[in-house]
Amino acid sequence: MPTVSEIELKFPLQSSEEIRERLMELGFISGGELFESNTVFDTPDGQLQASGRLLRLRRDRTIKLTWKEPHEDKSLSGRYKAKRESELELSDLETMRHIFHRMGYTTERVYEKYREHWVRPDGA
């Protein structure tokens, strides 16, 4: 898969129900809620995080390996979270985890969350 740009803008919410109701009013359709478990890897001294890079394994319906690095367009910094991202699907999370450890990426941070994807009826 080619590298893509990812630009995020996050908003604090008092209630996810408010935004869900508004999305439905606007005609968006929920793809359903999905639980995901993410494991972020780094060197023992935190070199990746210190340089704004991320190496992650994610398990939801599939297993994905993700590499993120700072976006080259510095005008996107500030309010936006802009990264260059490469991602591929894997069949074996534990083998990839073992390979990372053998390569020296021994520090792990796990975070889990529920995610809900929304689409417009026209597919946009």
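In which strand does E36 lie? E36 lies in strand β2, which spans residues 29-42, where helices (H or I, at least four residues) and strands (E, at least two) are DSSP runs numbered from the N terminus. The model is predicted, so local features need pLDDT of at least 70 and side-chain atom pairs count only at pLDDT 80 or more, while totals for chains, interfaces and linings use all residues. Residues are numbered from 1 along each chain as its sequence is written, and side-chain values use heavy atoms, with hydrogens and water left out.

The protein chain has 3 helices and 6 strands, arranged along the sequence in the pattern β-α-β-α-β-β-β-α-β. Of its 124 residues, 27% count as buried, where buried means under 20% relative accessible area, exposed over 50%, and partly exposed in between, with a 1.4 Å probe and protein chains only. Among contacts with a separation of 6 or more, residues 24 or more positions apart account for 64%, a contact being heavy atoms within 4.5 Å.

Returning to E36, this residue is buried, with a relative accessible area of 1%, and its side chain is joined to that of N38 by a polar contact of 3.1 Å; a polar contact is a pair of N or O atoms within 3.5 Å, where within protein one must be able to donate a hydrogen and the other to accept it, and residues adjacent in sequence count only if both atoms are side-chain atoms. E36 also meets K113 in a salt bridge (3.8 Å, N to O), defined as a side-chain nitrogen of Lys or Arg within 4 Å of a carboxyl oxygen of Asp or Glu. This pair links distant parts of the chain, with K113 in strand β6 (residues 107-119) and E36 in strand β2, 77 residues apart. K113 is partly exposed, at a relative accessible area of 31%.

A search of the whole structure finds 11 salt bridges. Another of them joins E85 and K68, whose closest N and O atoms are 3.6 Å apart; because E85 lies in strand β5 and K68 in strand β4, the pair ties together parts that are 17 residues apart in sequence. Both E85 and K68 are buried. Through shared partners, salt bridges also join E36, R58, K113 and R115 into one network.

Leaving aside neighbours within four places in sequence, L57 is in contact with residues including F41, L65, L90, L93, M96 and F100. L57 belongs to the largest nonpolar core, 11 residues in all, such a core being a set of buried Ala, Val, Leu, Ile, Met, Phe, Trp, Tyr and Cys residues joined through side-chain atoms within 4.5 Å. The elements that give two or more residues to this core are β3, β4 (63-70) and α3 (93-102), and the largest share, 3 residues, comes from α3.

In α3, L93, M96 and F100 are buried. Seen down the axis of α3, the buried residues fall within an arc of 65°, so they line one face of the helix; the arc is that of the directions from the helix axis to the C-beta atoms. An α-helix has 3.6 residues a turn, so residues three or four places apart point the same way. The buried residues of α3 pack against β2, β3, β4 and β5 (81-90).
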